[in-house]
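Student: I would like to go through this model with you, asking at each step what a term rests on.
Tutor: Then let us look at it together and set each value against its definition.

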Amino acid sequence: MIRSVVRGSGAALPRRIMKNADFEGMVETSDEWIVQRTGIRQRHVAADDETTASLGEGAARAALDSAGLTPADIDLIVLATSTPNNTFPATAVEIQNRLGMHHGFAFDMQAVCSGFVYAVATADLYIRGGLAKRVLVIGSETFSRILDWSDRSTCVLFGDGAGALVLEAGEGAGGVADRGVLAASLRSDGVHKDKLFVDGGPSTTGTVGHLRMEGREVFKHAVGMITDVIEATFAQAGITADDLDWFVPHQANKRIIDASAKKLGIAEQKVVVTVDLHGNTSAASVPLALSVAVADGRIKKGDLVLLEAMGGGFTWGAVLVRW
Ligand code: UT7
């Protein structure tokens with residue numbers, strides 16, 4: 001059977017790093033509160049000349065380089081983002097143009113923090129369905145542009161950045177020993193919209209709006225939703241937590257990551273944590289974490305890697321990949 005195999009990965013981050021202490025003169029907060037409640041120590045913040053498209057392009061080029069490929073080898077770009085450069089056209093098409101790519105096709109996916117997990121599952125279907133052979137899957141965000149910088153309950157949590165994978169059609173035997181995407185489970189439930197949303201949009205206010213979140217309410221649902229969807233993914237693949245080499249969760253809050261891993265019985269040393277470095281970068285958080293763990297030699301060819309995310313909508317999901 002056809003499998004969607006990871007051939008390369010990469011990332012791009014804005015130049016400017018903002019430390020927790022940098023918020024202390026802006027809102028009533030402290031480095032201690034932010035670290036204790038979230039595990040975040042710093043985040044990158046985009047300058048005017050750094051956008052979702054430029055960061056996405058940077059991550060795409062890094063992933064292509066690591067794969068030993070050029071844009072000519074790609075036939076589809078799927079970009080997960082909730083902070084597009086424009087309402088339309090899709091920022092994926094802008095990235096396609098920036099890469100000098102005038103063949104194939106490109107589109108955006110919007111599932112907020114779950115966007116990258118949705119995008120990997122979607123790219124896998126395009127590959128297995130025969131519509132694409134090599135896909136750039138990108139998560140790129142500039143959440144700094146939609147933050148209310150006077151709201152301490154949200155502005156300290158998010159950051160900007162981008163990460164990307166190149167997925168390529170390969171042959172597999174059909175079992176969990178195959179390299180590639182092995183299982184995926186996606187969920188959403190709009191009843192939770194008001195707990196995490198942006199209070200603007202083209203069809204309502206005609207403005208971009210700002211992120212609003214009832215953090216405690218999101219927190220209350222997060223661990224249960226994450227563990228449910230992961231257990232469904234384990235069942236689909238016929239594996240247990242012990243079979244995993246790496247758990248790469250959405251990087252929103254260290255406490256959510258720790259509680260989810262504990263509930264699932266995933267050993268602490270298998271959990272990739274980058275929330276301290278990047279904050280919550282929404283759809284970019286999983287591919288940014290992947291790029292760190294690949295670059296430092298933790299994730300290697302043949303490793304069994306579990307990706308997971310949960311966010312606005314609510315949306316949530318998990319993907320199991322043999323690297
Ligand atoms: O990526 C999408 C998914 N999003 C998430 O997963 C986020 C989920 N939620 C969370 O991570 C946590 O709920 C937060 C980190 C957002 C908040 O942590 P918490 O432990 O749930 O705190 P809380 O909201 O219950 O607030 C505790 C206190 C409040 O003060 P009172 O009411 O106890 O007097 C807040 O006003 O902390 C206060 N607070 C702050 N204090 C200092 C809220 N933000 C800040 C801040 N600095 N930045």
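**The ligand and its surroundings**

Tutor: A polar side-chain atom of asparagine 280 lies 2.6 Å from an oxygen atom of the ligand. This is a predicted model, in which local features need pLDDT of at least 70 and side-chain atom pairs pLDDT 80 or more, while totals for chains, interfaces and linings use all residues. Residues are numbered from 1 along each chain as its sequence is written, and side-chain values use heavy atoms, with hydrogens and water left out.

Student: How do you know which residues surround the ligand?

Tutor: A residue counts as near if one of its heavy atoms lies within 4 Å of the molecule. The ligand has 24 such residues around it, the closest being Thr29, Arg37, Arg216, Asn253 and Asn280.

Student: Which element gives the most residues to this shell?

Tutor: Helix 6 does, with four residues; helices here are DSSP runs (H or I, at least four residues), and strands are runs of E of at least two, numbered from the N terminus.

Student: Why is the ligand said to lie between two domains?

Tutor: Domain 1 (2-171) and domain 2 (180-322) both give residues to the shell, and therefore the ligand lies between them; the bounds come from an automatic or database domain assignment.

**Backbone details**

Student: What makes the bond from phenylalanine 88 to proline 89 cis?

Tutor: Its omega is near 0 degrees, and proline 89 lies in the loop between strand 4 (76-80) and helix 3 (91-98). Glycine 313 and phenylalanine 314 are also joined by a cis peptide bond, with omega about -5 degrees.

Key:
Polar contact = N/O pair within 3.5 Å; in protein donor to acceptor, adjacent residues only side chain to side chain.
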